[in-house]
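Hi there,

Here is the structure I promised to pass on to you. Have a look at it first, and then read on for what turned up.

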Amino acid sequence: MAETDRAMDLIRDEMAKSHDNPGISILGEYLTERLQGEPGIAAAILKHKEPLAFGFAAIKEHARKIAKGGYACVDDKTGLALACKALGIGTSSGADAPPSPVRGRLVNDAQAPAHGELDLDALLGGI
C-alpha cells in the first residue's frame, strides 16, 4: 500500500472514531484534500498515531493561550495552519483553508451555546 493511501486510511479511521467532533472532521477533510494534491505530506502525517488529535491539540493550546475571560476564537485559516505546522507539513501551497461550518465565538462550559457560538471543550472533544 502506498504511503499516501496509508495516510489517507489513518485520517479516515481517526475521523470515524471522532465522528461527533466537528473540529476533527474539518481538519480531516482538509488533510485528505491536501493529500490528494500533495502526496509528499503523507510521511509527516504517518509519524503520528493520531494525526488529527495531534494537530488539533496545537489549536487547543493556541486557544488557551489567547483566551480572555474564558473565551477564545480561532479562525479556520489560523487553526488549520497551526495544525499543519504541528504535524510538520506547512501550509498549502498558496491555497486558503476551505470554508468551514464551524464559525463564531467559542464559549466556556458555564454558558449554553447560543446561535453562532461553539463550546470550546465540545469542539476540542476533551483532548
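Is the crossing of H1 and H2 left-handed or right-handed? It is left-handed. Please keep in mind throughout that this is a predicted model.

**The overall picture**

The protein has six helices and two strands. Along the sequence they come in the order α-α-α-α-α-β-β-α. Of the 127 residues in the protein, 39% are buried. If you take the contacts between residues at least 6 apart in sequence, 63% of them join residues at least 24 apart.

**H1 against H2**

Back to the pair I opened with. Helix H1 covers residues 3-17 and helix H2 covers residues 22-37; they pack at an angle of about 165 degrees, and their axes are 9 Å apart. Angles over 145 degrees count as roughly antiparallel, and that makes H1 roughly antiparallel to H2. On the H1 side, the contact is made by Thr 4, Ala 7, Met 8, Ile 11, Glu 14 and Met 15. H2 contributes Ile 24, Ser 25, Gly 28, Glu 29, Leu 31, Thr 32, Leu 35 and Gln 36. By class, the residues of this contact are seven nonpolar, five polar and two charged.

Six of the residues in the contact of H1 with H4 are nonpolar, none is polar and one is charged.

With H2, the axes come within 10 Å of H4 and the crossing is at roughly 110 degrees. The classes in the contact of H2 with H4 are six nonpolar, three polar and no charged residues.

**The nonpolar core**

Which residues of the largest nonpolar core touch the most other members? Out of its 24 residues, they are Ile 11, Leu 27, Leu 31, Leu 35, Ile 45, Leu 52 and Ile 89. The elements giving two or more residues to this core are H1, H2, H3, H4 and helix H5 (76-87). H2 gives the most, with five residues.

Leaving aside residues up to four places away in sequence, Ile 11 touches Gly 28, Leu 31, Thr 32, Leu 35, Ile 45, Pro 51 and Leu 52. Among these partners, Leu 31, Leu 35, Ile 45 and Leu 52 are also listed with Ile 11 as core residues that touch the most other members.

Is His 48 buried or exposed? With a relative accessible area of 17%, His 48 is buried, because buried means under 20%. Apart from residues up to four places away in sequence, His 48 touches Leu 10, Phe 54, Ala 86 and Leu 87.

Glu 3 belongs to helix H1. Glu 3 is partly exposed, and its relative accessible area is 37%. Although Glu 3 and Ala 42 are 39 residues apart along the chain, their C-alpha atoms are separated by 6.1 Å. Glu 3 touches Ala 42, Ala 43 and Leu 46, again not counting residues up to four places away in sequence.

Leu 80 is in helix H5 and is buried, with a relative accessible area of 6%. The C-alpha atoms of Leu 80 and Thr 91 are separated by 8.0 Å, and the two residues are eleven apart along the chain.

Note on methods
Residues numbered from 1 in each chain as written. Predicted model: local features only at pLDDT ≥ 70, side-chain atom pairs only at ≥ 80, totals over all residues. Heavy atoms only, no water. Axes fitted to C-alpha atoms, helices over the stretch in contact; angles between N-to-C directions. Helix = DSSP H or I, 4+ residues; strand = E, 2+ residues; numbered from the N terminus. Parallel < 35°, antiparallel > 145°, perpendicular 65-115°, else oblique. Left-handed = near helix turned anticlockwise from the far one by under 90°. Contact = heavy atoms within 4.5 Å. Nonpolar A, V, L, I, M, F, W, Y, C, P; charged D, E, K, R; others polar. Buried < 20%, exposed > 50% of the residue type's maximum accessible area, 1.4 Å probe, protein only. Core = buried A, V, L, I, M, F, W, Y, C linked by side-chain atoms within 4.5 Å.
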